[in-house]
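Morning, everyone. Please have a look at the structure on the screen. I'll walk you through it in a couple of minutes.

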Amino acid sequence: MPKYIRLTSLTRKGQEQIHESTERTNQMREMAEENGGTIEDVFLTFGEFDFVTIAEFPDDKSYAEFALKASKGGEYGAKTLKAIEEEDYVSIIEKL
């Protein structure tokens, strides 16, 4: 399944409600499952982004539905990177 890397920055609302972040992460895991995906890892990070999430979804549509639902509360802004697994990118490079 395709992997997605979600880079999350808390909004002012998210910062004020940081004590609820564990609950939001659990809700995010449930939403992912409802859309056929899984959240593999969630990391608290230092720097430009507050959290990094690694997820798998069957396709872009499933991920987009999840991402839009997850961001409705306004606690954060997010950017998404679609990742290519090492085995796949090696195969691509070998064809060059």
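Predicted model: local features only at pLDDT ≥ 70, side-chain atom pairs only at ≥ 80, totals over all residues.

How many helices and strands are there in the chain? Four helices and four strands. From the N terminus on, the elements run β-α-α-β-β-α-β-α. The C-alpha trace spans about 50 × 30 × 15 Å along its principal axes. Of the 96 residues in the chain, 32% are buried.

Now to a pair of helices. Helix α2 covers residues 21-34, and helix α3 covers residues 60-70. They pack at an angle of about 150°, with their axes 9 Å apart. Angles over 145 degrees count as roughly antiparallel, so α2 is roughly antiparallel to α3. The crossing is right-handed.

Which residues make the contact? From α2, take M28, M31 and A32. From α3, take F66, K69 and A70. By class, that is five nonpolar residues, no polar ones and one charged.

Next, the core. The largest nonpolar core has 14 residues. Those with the most contacts inside it are A32, I39, F57, Y63, F66 and A70. Which elements give two or more residues to this core? They are β1 (3-10), α2, β3 (51-56) and α3. The most come from α3, which gives four residues.

Look at A70 again. Leaving out residues up to four places away in sequence, A70 touches R6, M31 and Y76.

Last, the whole chain. Take the contacts between residues at least 6 apart in sequence. Of those, 66% join residues at least 24 apart.

Key:
Residues numbered from 1 in each chain as written. Heavy atoms only, no water. Axes fitted to C-alpha atoms, helices over the stretch in contact; angles between N-to-C directions. Parallel < 35°, antiparallel > 145°, perpendicular 65-115°, else oblique. Left-handed = near helix turned anticlockwise from the far one by under 90°. Contact = heavy atoms within 4.5 Å. Nonpolar A, V, L, I, M, F, W, Y, C, P; charged D, E, K, R; others polar. Core = buried A, V, L, I, M, F, W, Y, C linked by side-chain atoms within 4.5 Å. Buried < 20%, exposed > 50% of the residue type's maximum accessible area, 1.4 Å probe, protein only.
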